[in-house]
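Please look over the chain and its ligand as shown here. The report below covers the fold, the ligand site and some backbone details.

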Amino acid sequence: MNGKVHNLSLQHSVLNQFMSEIRDTDIQLDRLRFRRNLERVGEIIAYEISKTLRYEIRPVTTPLGVCDCHVLPEQPVLATILRAGLPLHQGLLNVFDQAENSFISAYRVHHNDADAFEVEVEYLASPGIEGKTVILCDPMLATGSSMVLAYKALLERGRPQQIHVATVIASEQGINFVQQNMPDETTVWAAAIDNKLTPRAYIVPGLGDAGDLAYGDKTWL
Ligand code: URA
């Protein structure tokens with residue numbers, strides 16, 4: 001197995017309460033709460049990732065003296081797959097509040113309404129990432145193909161030193177695909193790992209369509 005995988009729901013914490021609300025079809029009807037819960041998961045994942053980063057000591061002047069504090073010399077770059085990644089991204093950004101940000105659009109194209117689909121990547125807005133730590137987030141790691149394509153698109157801006165994949169629900173298949181197609185120094189952080197995919201590559205039991213639940217239906221006809 002390449003890299004590490006952290007399933008954060010294995011240790012019981014308030015994260016599991018947030019996950020139960022995110023999955024619950026009744027509570028999902030409240031879009032504001034759904035988005036805020038994704039954001040809260042992002043905040044928790046950011047805190048967990050922060051424990052792996054490098055800190056330096058900086059003397060900080062308080063009203064009563066000087067304290068040697070451990071601070072981050074630089075913050076990770078936060079990269080997000082549009083549109084479903086936005087609330088999770090906001091949660092990461094609430095914690096890494098001085099971070100630079102990358103946005104990538106990736107969407108599924110189903111031909112003739114069949115189950116099979118291709119993922120199209122169209123848009124990239126990103127700073128240089130050469131030698132940096134990057135957190136790439138998408139709430140649902142289903143097949144893993146959007147994540148891998150987004151990572152490849154980001155390589156146009158340099159090769160990161162360390163990559164963290166942050167996700168709310170991952171499938172085992174998605175994790176395997178990421179491990180096979182992303183560098184060894186990739187660490188996956190999932191708030192939960194489910195073990196099934198539907199023929200249309202939705203995670204079971206999962207939560208449904210994260211983008212639609214956060215922002216509404218995409219159909220316009
Ligand atoms: N994207 C989603 O929003 N949900 C899934 O289950 C899989 C991909």
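What follows is a short tour of a predicted model.

**Overall fold**

The protein chain has 6 helices and 12 strands. Its C-alpha atoms fill a box of roughly 65 × 40 × 35 Å along the principal axes. How does the radius of gyration of the protein chain fit with a compact globule? A compact globule of 221 residues would have a radius of gyration near 17 Å, and the protein chain has 18 Å, so the two agree.

**Ligand site**

The ligand sits in the largest pocket. Around the ligand are R108, M140, A142, A201, Y202, I203, G208, D209 and A210. By class, this shell divides into 6 nonpolar, 1 polar and 2 charged residues.

| Residue | Protein atom | Ligand atom | Distance |
|---|---|---|---|
| I203 | polar backbone atom | oxygen | 2.8 Å |
| G208 | backbone N or O | nitrogen | 2.7 Å |
| A210 | polar backbone atom | oxygen | 2.8 Å |

How much of the ligand does the protein bury? Taken alone, the ligand exposes 240 Å². The protein buries 89% of that area.

**Backbone details by the ligand**

A201 belongs to the shell around the ligand. A201 is not a glycine, yet its phi is positive, at about 65 degrees. Where is A201 found? A201 is in the loop between β11 (196-197) and β12.

Strand β12 spans 203-204, and the loop between β12 and α6 (210-215) holds P205. The peptide bond that joins V204 and P205 is cis, with omega about 0 degrees. I203, one of the residues around the ligand, has a polar backbone atom 2.8 Å from a ligand oxygen. A210, another shell member, has such an atom 2.8 Å from a ligand oxygen too.

**A cis bond at L82 and R83**

The peptide bond from L82 to R83 is also cis, with omega near 0 degrees. R83 is found in the loop between β4 (77-82) and α3 (86-95).

Key:
Residues are numbered from 1 along each chain as its sequence is written. This is a predicted model: local features need pLDDT of at least 70, side-chain atom pairs count only at pLDDT 80 or more; totals for chains, interfaces and linings use all residues. Side-chain values use heavy atoms; hydrogens and water are left out. A residue is near a molecule or strand if one of its heavy atoms lies within 4 Å of it. A polar contact is a pair of N or O atoms within 3.5 Å; within protein, one must be able to donate a hydrogen and the other to accept it, and residues adjacent in sequence count only if both atoms are side-chain atoms. Accessible areas come from the Shrake-Rupley method with a 1.4 Å probe; for residues, only the protein chains shown count as cover. On a 1 Å grid over the protein atoms alone, a cavity is a set of points where a 1.4 Å probe fits but cannot get out, and a pocket is an open set with protein on both sides within 12 Å along at least five of seven lines; lining residues have an atom within 4 Å of a point. A molecule sits in a cavity or pocket if more than half of its atoms lie within 2 Å of its grid points. Ala, Val, Leu, Ile, Met, Phe, Trp, Tyr, Cys and Pro count as nonpolar, Asp, Glu, Lys and Arg as charged, and the others, Gly among them, as polar. Helices (H or I, at least four residues) and strands (E, at least two) are DSSP runs, numbered from the N terminus. The radius of gyration is taken over C-alpha atoms; the globule rule is 2.2 Å times the number of residues to the power 0.38.
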